[in-house]
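User: I would like to learn how to read salt bridges, nonpolar cores and sheets in a model. Could you take me through them one at a time?

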Amino acid sequence: MNDPSVPGMRSRRDALGLGAMSGVGLALAGTFLGFDRAHAAPANTSGRSAGPLRSAGVMAFGPDNVLFVADIAGSAVYALALRDTDLTPQTGVELGNFHNFEGVDLVRSLDVKLAALLGTTYDNIVINDMVVHQPTKQILLSVERGRGPDVIPAIVKVNHGQPELLQLDGVPVTQVPVPNEPDISARLEFEPQLVYAITDIKYYNGEVFVTGISNQRFASTMHRIPYPFTGRMATSAVEIWHPTHGEFETRAPIVRQLIQEVRGEPHLFAVYACTPLVRFPLAALKDGAHVRGETIGELGYGSNPLDMLIFNNPFDHKDYLLVTIDVRGASQIAVAELETAPPEPTGGPIDFGPGGLGRTQRNLPIRAEHMAILNPRWAVVIWRHPKTAYRLDLGTLMVPYFFDRRLGMSEMNWPDGPDPFQYRPHRNEIDRI
């Protein structure tokens, strides 16, 4: 997805390999250069404050406009209680022609515009996550500027095609510390372990679920944190059987997660790097527990999950799991199959083939660095357009095909070409929020 001619620009795909995942690459650089967390002042740019954040990583929305933000440099998860005035309804924004398989560019040259907003150059910008506030359809980005002790985290909102800094001064904020982070000197072969202290956060039914690794013997960790924060936390160690590696793993963290009910009982579904799909019953994730998840699919070795989400197909009205993957596009699996999939056998030899639900997945042509569902018809993506690889854009893709006829030559693009989906009668339609 990235053009090698663009020096210094890093996406989430790069981050998984280069140690910037979950919004911490730049923040950690400051830590290793002697940046003192305890005495660091809130980051500012042009007099505008990033509030208490030391880094801005993965995000999730909770109830009542609460935005959860992972801050590894600050060893915490923050809850920002956004006010109605902090969010702008995106009424009237053109999203594209749904029936004609045509999305639109909501923000062209996103990295350049973020650089201008934060007073730097595009190669000093990293976009770490993207979420959508469903009531207003406002898109929010977690962004970091700079390197070393001058790193500046920011939350940026997209307002009718224009990036704007979300002013955090005055926003009610609470936080919960994330315990047992790896020491700053502890390393993997190619990067600091601290990079993976918080890999994902999700809100479900009054709790925040935080995944990552710790400094404990069984490093792969799950925290269940009641919200509003009370100081209580249930922490469990999690492990899986990884068919591609032929072993039980307690070190590698969950990279992406979501929670879905199975026969009336909530389960956490997770995708790891090298991409096994795993199922955990929430009832087993108790404080002090060591929980072995059920591997129910293998989505392809040598790759990393980027986003994990559920969408409803507007044509068959069924729910599907969608996992975008850095080097393999995306995998689609029916949610009903998640509920009935038997666990893969454990203890066998190394198996590089797709296993379980990996054999029945549908591959989709998505090449996105970040992706989120905007509404039942549209997803939003941050990507490098195949025809303009030098440019990072924020645009729309139609649900459920996640295909845009603008991206390349299609037989449907010929004036006398096939029209299997009856799109030509809709050429002049415009969809809006």
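**Salt bridges and what surrounds them**

Analyst: In this predicted model, arginine 406 and aspartate 105 form a salt bridge whose closest N and O atoms are 3.9 Å apart. This pair links distant parts of the chain, since arginine 406 lies in the loop between E30 and strand E31 (431–432) while aspartate 105 belongs to strand E8, 301 residues apart.

User: Is aspartate 105 buried or exposed, and how should I read the word for arginine 406?

Analyst: The reading rests on the relative accessible area, where under 20% means buried and over 50% means exposed, with partly exposed in between. Aspartate 105 has 18% and is therefore buried, whereas arginine 406, at 25%, is partly exposed.

User: Which other residue forms a salt bridge with aspartate 105, and which residues make up the network of salt bridges?

Analyst: Aspartate 105 also forms a salt bridge with arginine 108, with the closest N and O atoms 3.0 Å apart, and arginine 108 counts as partly exposed at 47% relative accessibility. The network links Asp105, Arg108, Arg391, Asp393, Asp404 and Arg406, and a search of the whole structure finds 13 salt bridges.

User: How far apart are the closest N and O atoms of arginine 279 and glutamate 294?

Analyst: They are 2.7 Å apart, in a salt bridge that joins strand E21 (residues 276–281), which holds arginine 279, to strand E23 (residues 294–298), which holds glutamate 294. Arginine 279 is buried at 7% relative accessibility, while glutamate 294 is partly exposed at 31%.

User: Turning to the nonpolar cores, how many residues does the largest one have?

Analyst: A nonpolar core is a set of buried residues of nonpolar kinds joined through side-chain atoms within 4.5 Å. The largest here has 33 residues, and those with the most contacts inside it are Leu106, Ile139, Leu141, Val380 and Leu394. Helix H3 (110–118) is among the elements that each supply at least two residues of this core, and H3 gives the most, with five. Beyond its neighbours within four places in sequence, leucine 106 is in contact with residues including Ile139, Val380 and Leu394.

User: Finally, what is the order of the strands in the open sheet of four strands, and why is one side of E24 and of E27 left without a neighbour?

Analyst: The order is E24-E25-E26-E27, with antiparallel pairing. Strand E24 (305–312) and strand E27 (362–364) stand at the edges with a single partner strand each, so one side of each has no neighbour in the sheet. Neighbouring strands of this sheet are turned by 25 degrees against each other on average, direction ignored. E24 pairs with strand E25 (residues 319–325) over seven bridges, and isoleucine 310 has leucine 321 in E25 as its bridge partner.

Key: Residues numbered from 1 in each chain as written. Predicted model: local features only at pLDDT ≥ 70, side-chain atom pairs only at ≥ 80, totals over all residues. Heavy atoms only, no water. Pairing = 2+ DSSP bridges. Axes fitted to C-alpha atoms, helices over the stretch in contact; angles between N-to-C directions. Buried < 20%, exposed > 50% of the residue type's maximum accessible area, 1.4 Å probe, protein only. Contact = heavy atoms within 4.5 Å. Salt bridge = Lys/Arg side-chain N within 4 Å of Asp/Glu carboxyl O.
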